[in-house]
Each structure stands twice: as structure tokens, then as C-alpha cells.
Amino acid sequence: MAGFFDELDRINALAEASPGFVWRLQSESGNATDIDVFGDPLEIVNLSVWESVEQLKAFTYRTDHLHLFRQRHDWFEPKTEAHLVMWWIEAGHIPDPDEAVERLDHLREHGPTDKAFTFNSVQPEPADAPQ
């Protein structure tokens, strides 16, 4: 895990400087690895808000983040169920970890819907969403 933790501050700073970044969950340590959301110390949470799916995708797959993403199997056990979830929020809303767990559970139970989806199943932004 040392390689993951060695890069965490740099990748978080890269995210914060990326177009479309709005907010990320963090504790006083500056990251979220010490926030226990799942009741399992081997599971960590990564929760962030972006202006668009396209901007999040650009950060994920077209920056130095990709280098770490490709190494994820060196640090994390492969998941057999959904472990990433996205959803639309109203402008100004900051989601909390409980909301994220609820959305992840929804995705696991129902598959992609307008309430919970993934990069491979992006749902249209609600037409009635406040701008």
C-alpha cells in the first residue's frame, strides 16, 4: 500500500486543480482513507463532486491518475460487486458518505438507474435539475 499512499497527496492535488472539480471528502488528514464508512478497515471511500461526467472521466483516464488506476490491483483486492457509483445532484449540494452508501446499495440491488449509475451506464441529467 505504500505506493498508493505515497501518491495520494499528489493525485488529490491534481484532482483539485482539474477542470470541473468541485469538492472531495476528506478528514483532517487531507484525504478520506481514515474515514470508516463500511465498517471494514480494508475498504476506503473516495467521494467527490464534479461539474460533469466528462470532466471526471477526463481526470480519471487522461491525467496521471490513470497511472495509479492501472496499478489498483497491486493494492486492492478485486471486487466482485459494484464498487463505484455516480448520481446527479443539485448545484450546491454536498453528498455525505451515508448518501453514497445508499446509492451504491441501490446500484448493487437494481443495476444502473437514474438514481445510481456508472461510467458504463451514464444516465441523462434530469431535465428539471436546477442550474
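## Asn-31 and its surroundings

Leaving aside neighbours within four places in sequence, Asn-31 is in contact (heavy atoms within 4.5 Å) with Leu-8, Asn-12, Arg-24, Leu-25 and Gln-26. Asn-31 sits in the loop between β1 and β2 (48-50); helices (H or I, at least four residues) and strands (E, at least two) are DSSP runs, numbered from the N terminus. With a relative accessible area of 10%, Asn-31 is buried, where buried means under 20% relative accessible area, exposed over 50%, and partly exposed in between (1.4 Å probe, protein chains only).

The side chain of Asn-31 also makes a polar contact with the side chain of Thr-33, at 2.6 Å. A polar contact here is a pair of N or O atoms within 3.5 Å; within protein, one must be able to donate a hydrogen and the other to accept it, and residues adjacent in sequence count only if both atoms are side-chain atoms.

## A word on the model

This is a predicted model, in which local features need pLDDT of at least 70 and side-chain atom pairs count only at pLDDT 80 or more, while totals for chains, interfaces and linings use all residues. Residues are numbered from 1 along each chain as its sequence is written, and side-chain values use heavy atoms, with hydrogens and water left out.

## The chain as a whole

Five helices and two strands make up the secondary structure elements of the protein chain, and along the sequence they follow the pattern α-β-β-α-α-α-α. The radius of gyration is 15 Å, close to the 14 Å that the globule rule gives for 131 residues, so the chain is as compact as a globular protein of that length. For your own checks, that radius is taken over C-alpha atoms, and the globule rule is 2.2 Å times the number of residues to the power 0.38. The C-alpha trace spans about 45 × 30 × 30 Å along its principal axes.

Of the 131 residues, 34% count as buried. The accessible surface comes to about 8,600 Å², with 49% of it belonging to carbon and sulfur atoms; these areas come from the Shrake-Rupley method with a 1.4 Å probe, and for residues only the protein chains shown count as cover. Among contacts with a separation of 6 or more, 59% are between residues 24 or more positions apart.

Not counting residues up to four places away in sequence, Ala-15 touches Phe-21, Trp-50 and Phe-59.

## Asp-64, between two helices

Asp-64 lies in the loop between α2 (53-62) and α3 (65-70) and, at 45% relative accessibility, counts as partly exposed. Beyond its neighbours within four places in sequence, Asp-64 is in contact with Arg-10, Ile-11 and Leu-14. With Arg-10 there is a side-chain to side-chain polar contact of 3.0 Å. Leu-14 is 50 residues from Asp-64 along the chain, yet their C-alpha atoms are separated by 8.2 Å.

Helix α5 (residues 97-110) has 14 residues and reaches 20 Å from its first C-alpha to its last, close to the 20 Å expected at 1.5 Å a residue; the expected span is 1.5 Å times one less than the number of residues. At its start, a side-chain oxygen of Asp-96 reaches to within 3.0 Å of the backbone nitrogen of Asp-98. Just after α5, Gly-111 takes a positive phi of about 75°. The buried residues of the helix are Pro-97, Glu-99, Ala-100, Arg-103, Leu-104, His-106 and Leu-107.

Val-37 lies in the loop between β1 and β2 and is partly exposed, with a relative accessible area of 22%. Leaving aside neighbours within four places in sequence, Val-37 is in contact with Val-45, Pro-97 and Val-101.
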